[in-house]
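The entries below follow the order in which I looked.

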Amino acid sequence: MATRVPEESIEDQYQEEIQLEAEVAKLRAELGLEDPKTLEKVFELFSNWIALYRLNKTDALLQEVVPVCKKLGGTWHIKAIQSLGFCRWKQYRFTDALECFLEMEKLVGPSTSLFENIGHTYSSLGNLEKAEEYFQSALKVQEEIDAVRAKLPEAMRGAMEDKENRGGILLGLGLVKERRGDIAGALVQLERALKCYQEKFKDTDASLTAKAHMSVGKAHEKLNHLPEAEQNFREALRIFIKTCGRDSPLTAGALGSLGKVLYDQHKLEEAQVHLKEALSLEATKDSVHLMTVFELMLKIIDLHTGGDTPLNRQVFKQYVPIVQNANKFMRAQGVPLDGDFGVFAKTAGEICLLAEEYETAIEFLSTATDLLAKVTTINVSKLRDTAETLLRYGITELCKRMKAAPVAGQSTAAGAPSDAHTASTAPVEAAATGDAEAGSAPQSSDKPGGESESQKGSR
């Protein structure tokens, strides 16, 4: 008889987090970090934190735990490498994550979940040939497991249910097809993955099902099947809110995707609500993704400046604190101050100009012009000139407001954003190496080299 998968509950995870943090603190004080009882509880905490995207907390504690586990060796070393790999993946540090997963492969050998995680990582790095190789290897191991399971008495088969990982493998192969441009072929594969998760979790809401809905929805979106994409994104959002919480990065991703597809269907009022919430969440998460923030800002500008409706500058004021938060969090997290950040700063400055928040706009646009001036790998002169034009306009308007003469050498810019925005340009140095889309993330585990999240239903 099949074992019923437990319902995911975000409230339970929050309570577990509080309890585990207290237990770890107590054990560290009484026994020290190197004691096995302490380490067992630490890795339970890592599993909880990674599921909740507490990446800063995880990273800080890993700096203490990894050297200890490396010294102890054996299973502890494997557990530490695995946790570090998952943390690096969710921080978009895919090269570092790959290094961890490949080291694990040498230590633990073939594993469906490990091969799947390596495949997703290669896929996000753009190495689709290696990604497909690892997904096919994962599928081969899964088939071997299925063959062994089929020979067992029915009463014993339930013990191997947690080894079922086909949905994640099919999802990975579908994403490879999508990134190669075969969207129609990808959709078929991704829908098979979604069906696997729906059959596995049956009447239970699971975050892995939501991730599959996201990937299916994005394929529909690329094929311009907008109503179908909307349906998938709505279902993903519902499940993520229930299983991960309203403030989860997974929820933010669903909000953003739904907002964009609603915008494309001219459902502007609802689109604005979702896009704003998505931007607010993306701007303050533990590992801010610059490209995602930029794309949301651009869509919001288009939403409020498109069509025949007169420009309402007041609506832009609600976004100023959000872009300020994005700036603060990215700087604190060490996001490179390069040309990509310069384009973010230009777009943030544009939002502030439209909101008539000139002092804040000047700060952003000054940063943009400085950073874009340092880009030498490609020609960004037009982009830099636009940023300088916007900066001059902001200075002039601030001077008017202060009833002072314009600064010497500065003049009111022709074509300044009075009735329409100046088109933003995509980041120039590819801030992110791969997609951070829901459904392609590696799956975490509390067992060394073994089970993935797709076996235990966490994120």
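I began just after helix H9, where Gly181 takes a positive phi of about 95°; helices here are DSSP runs of H or I with at least four residues, strands are runs of E with at least two, and both are numbered from the N terminus. I note that this is a predicted model, in which local features need pLDDT of at least 70 and side-chain atom pairs count only at pLDDT 80 or more, while totals for chains, interfaces and linings use all residues. Residues are numbered from 1 along each chain as its sequence is written, and side-chain values use heavy atoms, with hydrogens and water left out.

**Helix H9.** I looked up its span and found that H9, residues 166–179, has 14 residues and reaches 20 Å from its first C-alpha to its last, close to the 20 Å expected at 1.5 Å a residue (the expected span is 1.5 Å times one less than the number of residues). Is H9 mostly covered or mostly open? I found 11 of its 14 residues buried, where buried means under 20% relative accessible area, exposed means over 50%, and partly exposed lies in between, with a 1.4 Å probe and protein chains only. Among the buried residues are Gly167, Gly168, Gly172, Gly174 and Glu178. The buried residues of H9 pack against helices H6 (112–124), H7 (128–151), H10 (183–201) and H11 (207–222), a contact being heavy atoms within 4.5 Å.

**Positive phi in loops.** I recalled that most residues other than glycine have a negative phi. Lys202, in the loop between H10 and H11, has a positive phi near 50°, and at 61% relative accessibility this residue counts as exposed. Glu356, in the loop between H17 and H18, has a positive phi near 60°, and with a relative accessible area of 26% Glu356 is partly exposed.

**H16 and H18.** How do the axes of H16 (residues 320–332) and H18 (residues 358–373) cross? I found that they come within 12 Å and cross at roughly 40°, the axes being lines fitted to C-alpha atoms over the stretch in contact, with angles running from 0 to 180 degrees between N-to-C directions. That makes H16 oblique to H18, because angles under 35 degrees count as roughly parallel, over 145 as roughly antiparallel, 65 to 115 as roughly perpendicular and the rest as oblique. At this crossing, Val320, Val323, Gln324, Asn327 and Arg331 in H16 meet Thr360, Phe364 and Thr367 in H18.

**Asp286.** I placed Asp286 in the loop between H14 (268–282) and H15 (290–305), partly exposed with a relative accessible area of 22%. Asp286 touches Tyr53, Arg54, Leu55, Asn56 and Gln333, not counting residues up to four places away in sequence.
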